Amino acid sequence: MEITPSPTPPKKANPKPTDAMEAELSKLGNNLVTKFHVLMRISQIYDSKNVALNQFINEFLETINTLIKRSGVLSLKIVREDFYLNDQRLRYSVEGFTSFKYLSTQWKKRLIGEVIFKNVVGEEMLRHFIYAFINLEEGHDENADLLKKQLESHQITTIDVNPLEIVEGEEEAFTLQKEDHREVGKKIFFETIGTIKDVITNIKGNQHADIRKLKRLAQKAIHLVIEDESILLGMTMIKNYDEYTFNHSVNVSIYALAIGKRLGFSKKILTELGITALLHDIGKSKIPREILNKPARLSTEEWEMMKKHPLMGVEIVLNLKQLGEINPRMVVGVFDHHLMNDLSGYPKLFLKKEVSLFGRIIQIADSYDAMTTPRIYKKIPYTPEQALAIMLREKEVHFDPLLLKIFIGLVGIYPLGSLVLLNTHEIGIVYKSSHDPQWLDRPVVLLVDRDAGGGATKELIDLTDTDKAGNYKWSIVKTLDPYKYHIDIAKYFL
Ligand SMILES: [Fe+2]
Ligand SMILES: [Fe+2]
């Protein structure tokens, strides 16, 4: 993967927006991107006079004019893979992913990097603008100037555009028609979160849930995990893009699949494992939201309720007819996922039994993801390294020691996403663990260097590299707490 220096990120208009402001702007921004996407798509089908277009034009107008009235001006800009709305980076929602992807591809093809609405816009103006935009020749350097001239010829002065800022090395990246593995990974990741969200919502409302799509996505994920597990493992660092349960289910599934792969499971068993992991907490869909999201300690009754989720999950899975033949492995896996190695945990057993292999795998993946994710009752999570240390302390009592060993081999001694200090005094993020077990302590690291302007320059280094004398060029001295350094680790994995 090509890592290139950052272009100048837009200056922040408001350096410290509150969470509420950020959330509102992000919602409006997602809406804007979605409407822009739909309008561009529709205009490529119909000619500019077609009435079918009216509704989409009006919806888009309403969105932009709301934003203009709110902030006076509206700028939507692409910097690398991100959209910035009035200089604030937009985090995309799960539903918004397709729109972000579409819009960014269309803009980049036409080398347009920014669209500015300086004042309230009218219907005719927008119509001229959107058709002039889609009719630009792909890859033409002068496109921004050409578009400006066309707008001027229609006396449109409230809309302005700027060319795409090309980052060194990025040119080939977006002209490549073939989607690379990382793009495929992102797509699978976000689509799966969206699908599990639909499934949970439907089950909650006692409606039909389409599990077949989940199965297809699990199969796609397996192909990717077999080919290059580091891509999806990296995605598990993206922690807070949606409600906890959806994101968590997908992460647990990625870890479980990577463990299953190392255990040499066949594709069929991997598919079963992937789906079981995706559905492991499905029983929570029957637990009231107030209990799930309670910021304080649960009362005894609430906790008793919470402990029922594995059993409720079993009931739901047994009723999912489209799963076809349900292998008992899957049902037992859901039942077992909170049973510890010494059979403590829950549900309470009346007869001693062995915790199933699926259960033991999911339990490790589940604990690790839960510990490393910010939660409403624990805003600052454990770092990957702290989480592994706790799990190692509890091994044998809580976890299957052999599986835990495999898991550590997977995430590394310095787990993926750890912030580390190197002997060269540089700071980096563990980006990819080494495939070779003898290099567990020498992963691939992404150097993070703050430049004078506050932007980050990035470079990938391999800690197994040596100099001419055979000495390692870099070594990890210790891990650092990303929260203290205000580094958003997830950003580097998108
Ligand atoms: Fe659970
Ligand atoms: Fe869970």
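**Sheet and cavities**

Modeller: In this predicted model, strand 2 (residues 82-85) and strand 3 run antiparallel and are joined by two bridges.

Biologist: Which residue stands opposite Gln-88 in strand 3?

Modeller: The residue opposite Gln-88 is Leu-85.

Biologist: What is the strand order of the open sheet?

Modeller: The five strands are arranged in the order 3-2-1-4-5, and their pairing is antiparallel.

Biologist: Why is one side of strand 3 and of strand 5 left without a neighbour in the sheet?

Modeller: Strand 3 (88-89) and strand 5 (159-163) are at the edges and each has a single partner strand, so one side of each lacks a neighbour in the sheet.

Biologist: Which strands does helix 4 touch?

Modeller: Helix 4 (residues 123-134) packs on the sheet and touches strand 4 (112-117) and strand 5. The direction of helix 4 makes about 175° with that of strand 4.

Biologist: Turning to the cavities, how many are there of 30 Å³ or more?

Modeller: There are two cavities of 30 Å³ or more. The largest cavity holds about 90 Å³ of space.

Biologist: Which helices each supply at least two residues of the lining of the largest cavity?

Modeller: Those are helix 7 (181-204), helix 8 (211-235) and helix 9 (244-262). The residues lining the largest cavity include Phe-189, Thr-192, Leu-217, Ser-253 and Leu-278.

Biologist: How many nonpolar, polar and charged residues does that lining have?

Modeller: The lining of the largest cavity has 10 nonpolar and two polar residues, with no charged residues.

Technical notes. Residues numbered from 1 in each chain as written. Chains lettered and ligands numbered in written order. Predicted model: local features only at pLDDT ≥ 70, side-chain atom pairs only at ≥ 80, totals over all residues. Heavy atoms only, no water. 1 Å grid on protein atoms, 1.4 Å probe; cavity = no way out; pocket = protein on both sides within 12 Å on 5 of 7 lines; lining within 4 Å. Points joined across faces, edges and corners; volume = space filled by probe spheres on them. Helix = DSSP H or I, 4+ residues; strand = E, 2+ residues; numbered from the N terminus. Nonpolar A, V, L, I, M, F, W, Y, C, P; charged D, E, K, R; others polar. Pairing = 2+ DSSP bridges. Contact = heavy atoms within 4.5 Å. Axes fitted to C-alpha atoms, helices over the stretch in contact; angles between N-to-C directions.
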